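Biologist: I have the sequence and the coordinates open side by side. Could you walk me through what stands out?

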Amino acid sequence: MNKLRQRIRIFFKKAKRTEEGLEEQVWVIEHASPIGFRTIKTAISIFLCLVVYMLIEQFGFTDTSNAFLACVTAIICMKDSVDESLHTGLFRLVGTFIGAVSGMAYIYLARMLDEAMSDMILLSLFIIVVISLCNLFKSPDAIVICCVVFLFVAMNQTDPEIGPVVHSIQRFTDTVIGLAVSFLVNRFLFNPAKKPAELIDEENIDEQSAKKKSTE
């Protein structure tokens, strides 16, 4: 009876390793291709961002030209796995808020100075401020999107009828839309298989637990 149980355990162990080996081969094939799933997901995210803004435009809230920041955010936040995308999205949401508020503050200060050279120096100094704030809030992954949002808010206020506050809120909303789209696409489309390193770790854990049980 014990021998039968031992053979059954060996059979299932071999079957598990075979399945993991196939998963590893699939992962290698997917990542060896010049057009991987992440590339396809990024393209789908851009398309969905444009669709969202086209639908919003029908209600007269905004136009498709404002989709630029959402598309940039979707590209930056697209990751290989759902966990990475969620982690990145949460941190970059903080960076988005910092960038939008800093951009609004810059616009007010730039209007007070009203000199080209002073504006350029102030803009450069604000980059130091936004990066420092990201580090202060322990969000180094948010530095890129924070700087992008700040520069977009600070340098792209083309409509004089829109105040700095409304302009900053609109750009913050654009970024949130890009974050949401990239996360949802990563969550529901081409959810990637486990990487070989993760498979090896799981196998080592199983072997260690089996050894402990045998010694007990």
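**Salt bridge, cores and cysteines**

Modeller: I would start with Arg171 and Asp174, whose side chains meet in a salt bridge at 2.8 Å, N to O. Please keep in mind throughout that this is a predicted model.

Biologist: How far apart are Arg171 and Asp174 along helix H7?

Modeller: Arg171 and Asp174 are three residues apart in helix H7, which covers residues 164-188, and so they are separated by about one helical turn.

Biologist: Are those two buried or exposed? And how many salt bridges does the structure hold?

Modeller: Arg171 is buried, and Asp174 is buried as well. The structure holds one salt bridge, and it is the one between the side chains of Arg171 and Asp174.

Biologist: How far from Asp174 is Tyr53, in sequence and in space?

Modeller: Tyr53 and Asp174 lie 121 residues apart in sequence, while their C-alpha atoms are 9.3 Å apart in space. Tyr53 has its place in helix H2, residues 37-58, and it counts as buried, at 1% relative accessibility.

Biologist: Stepping back, what is the secondary structure of the protein?

Modeller: It comes to eight helices and zero strands, so that the pattern read along the sequence is α-α-α-α-α-α-α-α. Among contacts between residues at least 6 apart in sequence, 73% join residues at least 24 apart.

Biologist: And what share of the residues counts as buried?

Modeller: Of the 216 residues, 31% count as buried. The accessible surface of the protein comes to about 13800 Å², and 67% of that belongs to carbon and sulfur atoms.

Biologist: Which residues have the most contacts inside the largest nonpolar core?

Modeller: That core has 20 residues, and Tyr106, Cys134 and Phe150 are the ones with the most contacts inside it. Helix H4 (82-113), H5 and helix H6 (143-155) each supply at least two residues of this core, and H6 gives the most, with eight residues.

Biologist: What is Tyr106 in contact with, leaving aside its neighbours within four places in sequence?

Modeller: With those neighbours left aside, Tyr106 is in contact with Asp119, Leu122, Leu123, Phe126, Phe150 and Ala154. There is also a second, separate core of ten residues, which includes Ala67, Ala74, Val181 and Val185.

Biologist: Changing topic, how many disulfides does the structure hold?

Modeller: The structure holds zero disulfides. Cys49 is in no disulfide, and the nearest cysteine sulfur to its own, that of Cys71, is 4.8 Å away. Cys71 is likewise in no disulfide, its nearest cysteine sulfur being that of Cys49.

Biologist: Are Cys49 and Cys71 buried or exposed?

Modeller: Cys49 is buried, with a relative accessible area of 0%, and Cys71 is buried too, with a relative accessible area of 12%.

Terms used
Residues numbered from 1 in each chain as written. Predicted model: local features only at pLDDT ≥ 70, side-chain atom pairs only at ≥ 80, totals over all residues. Heavy atoms only, no water. Disulfide = S-S within 2.5 Å. Buried < 20%, exposed > 50% of the residue type's maximum accessible area, 1.4 Å probe, protein only. Salt bridge = Lys/Arg side-chain N within 4 Å of Asp/Glu carboxyl O. Helix = DSSP H or I, 4+ residues; strand = E, 2+ residues; numbered from the N terminus. Contact = heavy atoms within 4.5 Å. Areas by Shrake-Rupley, 256 points an atom, 1.4 Å probe, with all protein chains shown as cover. Core = buried A, V, L, I, M, F, W, Y, C linked by side-chain atoms within 4.5 Å.
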